[in-house]
Amino acid sequence: MSALVARVSPRDFSLEELEILEKAAQLIEQGGTVVFPTETVYGLGANGLSPLGAEKIYKAKGRPSDNPLIVHISDYEMLELIATNISAEARVLMDKFWPGPLTLIFDKKEIVPEATTGGLSTVAVRMPSHLVALELIKRAGVPIAAPSANVSGRPSITASEYALREMADRVDMILLSEDCEIGLESTVCDMTGEIPIVLRPGKISQREIFQTLATSPEALENYYEKLNRHLKVLEGKVSEDGIVGPKSPGMKYRHYSPEAKVLIANSGKGLAMLKDVVSKAKAEELKGDSSFVRVFCLAKEASIYGEWAEIIGETLEEAGRNIFTRLRKMDDQGVKVIICETLEGETPSEMDLAKAIMNRLIKAASNK
Ligand code: TXA
Ligand code: MG
C-alpha cells in the first residue's frame, strides 16, 4: 500500500486544497487513516468514534492498544458529544488555550469506544490551532483520534520529509504542510481530579495553568499545596489507596528513541562527558572522526564543544521546534552518540520550556 500524498498550506485554501481536504475527510469518514499536520507534531488520524479506526491507528503505529489516543475536535459541540463532567475550571482553560497545544482529560461519554481510550473511562481531548487540522476535522464531521504520527517508540515527527518517509506505507493518505511551529507535543492535563494536573509537560505549563485559574495569591498558593500533596502521593511517601500506578498510560512505554545512543550531561558536565566518550571510542578503535558523536546545545554554548557542537537553536523556543527533527537527522548522518546538555532557562517561562524539552530528551536517553 502506498498513501495518497498532498501538500496543503495553512492559509486561505485554494480550490485544489479544499478538494484535497475533502478527500482526506471522506477517507476518515469511511474508516481510513490520514496523517495530518498540527501546530505541535504530525498526527496519525482516524475516526475517533469507531473502534476500527483506533485499531487501524494502533496497527499503523505498531503501538500497544492499551495506550490511549487523543481525540481532536474542531468545535465545542464535538466536546459535548464525547466528554462529560466538564468543570468551570476546564472552561476557563479552554477559553484561554483552545484552539492550541493543550489536551484536557475528561470523563468520557458512552459514544467514545474503549478502543480509542485504551479501556479507560476518561478521554483526552484537544482542539488544535493548525488550520489544516481544524478544516479536516470539520469536514470529516467526527472527532479525529490521533497519536503522534511516528512509529511507536521513535521520535515524534515535525517535518514533512519524515512524515512521508515513515508513514507512506502505513496509512491511506498523508497531508503535508510546513514544519510544525511548536515542535513538542501538547501539554496533557488531567481535569478529573481535585485540581488540574499536568501529566505530560508541553509549551503550556502547570504554572501557567494555575496562574490562569487562580483569582488571588491565596488561591494560587492553595493550588500548589494541593499539587505538592498529590506529588507526594505519587512518590509513595503518603499512601492513600495503596499502589500508585502511572496515571498517563503512555508514560510507561519506550519513547522518542533515535538509533543513536542518547546521553544527558548534568549542568556543566557536557565537556567532561564528551572527552570520556571520545577517549573510550579511541580505545575501542571506533571511528576517529568527529561525526560519531554530537553535543546538542544552544548557540551560546557551541564554542565549548567545537567541531562536536550540534546547535539545536538560538533560543529554547527554537530548540523545542527543532528537537525531534534533529534527533532524526543524527540517525541520517550515522551519528552513534548524542550528548545533550541539560537545558536551563532564566525566566519562569523559559524554565518551563526547558523542562518540557528535557522531558523528551531524558525519555530518549532512558531507552538504551
Ligand atoms: O500534540 C499532541 O498531543 C499530538 C498531536 C497529534 O495532537 N498527539 C500526541 O499523541 O502526542 P500521543 O498519542 O503520542 O500522546 C498522547 C498522550 C499519551 O501520553 C497518553 O498516554 C496520554 O496522552 N493520554 C491519552 N488519553 C489519556 C487518558 N484518558 N488519560 C491519561 N492520559 C491519556
Ligand atoms: Mg507520541
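This is a predicted model: local features need pLDDT of at least 70, side-chain atom pairs count only at pLDDT 80 or more; totals for chains, interfaces and linings use all residues.
Is Cys180 buried or exposed in this model? Cys180 counts as buried because its relative accessibility is 2%, where buried means under 20% relative accessible area, exposed means over 50%, and partly exposed covers what lies in between, with a 1.4 Å probe and protein chains only. Residues are numbered from 1 along each chain as its sequence is written, chains are lettered from A and ligands numbered from 1 in the order in which they are written, and side-chain values use heavy atoms, with hydrogens and water left out.

Staying with the cysteines, Cys189 is buried too, with a relative accessibility of 0%. If a disulfide is taken as a pair of cysteine sulfur atoms within 2.5 Å, the count comes to zero.

Let me turn to the aromatic rings. Rings of Phe, Tyr and Trp (its six-membered ring) pair if their centres lie within 6.5 Å, and the planes count as stacked under 30 degrees apart, edge-to-face over 60 and tilted for the rest. The whole structure holds four aromatic pairs. In one of them, Tyr76 and Trp98 are tilted, with 6.1 Å centre to centre and 35° between the planes. This pair links distant parts of the chain, since Tyr76 lies in helix α3 (residues 76–82) and Trp98 in the loop between α4 (88–97) and β6 (102–108), 22 residues apart; helices (H or I, at least four residues) and strands (E, at least two) are DSSP runs, numbered from the N terminus. Tyr76 is partly exposed at 33% relative accessibility, whereas Trp98 is buried at 7%. Elsewhere, ring pairs join Phe210, Tyr223 and Tyr224 into a cluster.

Next come two helices, α12 (residues 316–332) and α13 (residues 348–365), whose axes come within 9 Å and cross at roughly 10°. Here axes are lines fitted to C-alpha atoms, for helices over the stretch in contact, and angles run from 0 to 180 degrees between N-to-C directions. The two helices are therefore roughly parallel, a term for angles under 35 degrees, with over 145 being roughly antiparallel, 65 to 115 roughly perpendicular and the rest oblique. Contact means heavy atoms within 4.5 Å, and among the residues that meet are Ile323 and Phe324 in α12 and Leu353 and Ile357 in α13.
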